[in-house]
Amino acid sequence: MTFGAVEVRRTRSKTALARHHERALRGELGRVAKPIAWDDFDRSRYPEPALALAEDLFTKLAVGEYSAVGLFAQITSGLALTGAPLDIVAASTRVGSDEIRHAEYCLRMAELCAGKPVAVTIDHDALAASVPEATSLANVDFLVFKYAAIGETLAAALLTECRRRATDPVVKALYGSLVADEVHHARLGWYYAAHRAPLVTWPERHALADRVAEFVMLLEEEFWLGRDAPASARGAAKALGVLDSETQRRVISEVVEGEILGALDEIGLGTSLAWRARRRPEHA
Ligand SMILES: [Fe+2]
Ligand SMILES: [Fe+2]
């Protein structure tokens with residue numbers, strides 16, 4: 001650990017999160033998740049290939065959501081240890097409880113699609129190898145930019161498209177519930193970015209921009225393949241909100257070009273060049 005002593009005062013960031021925090025302190029933010037009518041899901045309405053794709057989607061989502069619990073615990077710890085304003089630390093503490101609820105929801109939906117209990121395996125070693133520890137301010141900055149600002153913005157965009165396509169009421173309610181939280185997680189990331197932008201030195205900014213650019217360059221490739229249903233199950237897969245490859249690629253390029261690059265530019269972390277030089281999948 002490289003932190004030493006951290007002075008903690010009742011500080012606020014100069015962002016809208018401060019107002020949100022005051023409302024939370026006054027007990028005005030009881031964000032209660034709306035119940036989902038799980039029992040209304042009827043798997044017999046869908047062909048097996050569509051159910052298999054939805055099961056795969058919800059299983060992968062469950063892994064991501066469950067991994068996010070530990071990740072945000074680490075981010076919260078880093079924010080607290082580096083003396084981030086209290087509104088930012090408070091918002092970060094709430095992310096973990098959202099993510100474990102999301103993991104629970106996604107597992108439940110995967111089980112409903114499978115028609116039987118489902119288990120997922122989390123590879124903690126792989127996770128630890130790809131996630132730097134929140135033991136320096138530079139790493140905390142990178143973690144929040146990568147996983148909260150960019151990662152949660154991508155998640156919100158993809159899940160919004162899933163919700164838009166889905167016509168099954170249970171699945172649609174589930175996507176809606178996830179999106180409502182991911183939007184808050186993304187905002188935390190961008191508010192932190194706005195808070196840090198005037199404070200980082202030029203060398204720090206360059207180092208951070210390089211790390212963020214490296215990640216941005218791989219985004220298109222990472223999300224290149226969606227879940228393509230055979231023609232006979234295409235309508236059913238869509239009703240379950242499953243994204244085909246073409247739609248997934250469109251959502252990613254729209255959110256990167258329409259939201260993420262501009263937001264990064266605004267805080268002096270230009271990554272437009274990195275995006276233009278992005279790694280294209282071989283079959284693109
Ligand atoms: Fe989540
Ligand atoms: Fe999230």
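1. Is Phe-58 buried or exposed, and at what relative accessibility? In this predicted model, Phe-58 has a relative accessibility of 0% and therefore counts as buried. Tyr-175 is likewise buried, its relative accessible area being 0%.

2. The rings of Phe-58 and Tyr-175 form a stacked pair, because their planes meet at 25° with the centres 5.7 Å apart. Phe-58 belongs to helix H2 and Tyr-175 to helix H6 (residues 169-196), so the contact ties together parts separated by 117 residues in sequence.

3. In total, the structure holds three aromatic pairs. One of them joins Phe-41 and Tyr-46, which are stacked with 6.0 Å from centre to centre and 15° between the planes. Phe-41 counts as buried at 9% relative accessibility, and Tyr-46 counts as buried at 9%.

4. Turning to the metal site, the iron ion (ligand 1) is coordinated at 2.0 to 2.3 Å by Glu-65 (OE), Glu-99 (OE), His-102 (ND1) and Glu-182 (OE). Along the chain, these donors follow the spacing E-x33-E-x2-H-x79-E. The site is irregular, with angles of 82 to 148° among the four donor atoms.

5. Glu-65 in helix H2 (residues 48-81) and Glu-99 in helix H3 (residues 86-114) link distant parts of the chain, 34 residues apart. Both Glu-65 and Glu-99 are buried.

6. Arg-211 lies over the face of Phe-142, 4.3 Å from the ring centre. Arg-278 lies over the face of Trp-275, at 4.0 Å from the ring centre.

Definitions and conventions: Residues numbered from 1 in each chain as written. Chains lettered and ligands numbered in written order. Predicted model: local features only at pLDDT ≥ 70, side-chain atom pairs only at ≥ 80, totals over all residues. Heavy atoms only, no water. Donors = N, O, S within 2.8 Å, 3.2 Å for Na, K, Ca; no water. Tetrahedral: all angles 85-135°; square planar, octahedral: opposite > 155°, others 65-115°. Helix = DSSP H or I, 4+ residues; strand = E, 2+ residues; numbered from the N terminus. Buried < 20%, exposed > 50% of the residue type's maximum accessible area, 1.4 Å probe, protein only. Phe/Tyr/Trp six-rings, centres within 6.5 Å; stacked < 30°, edge-to-face > 60°. Lys NZ or Arg CZ within 6 Å of the ring centre and 35° of its normal.
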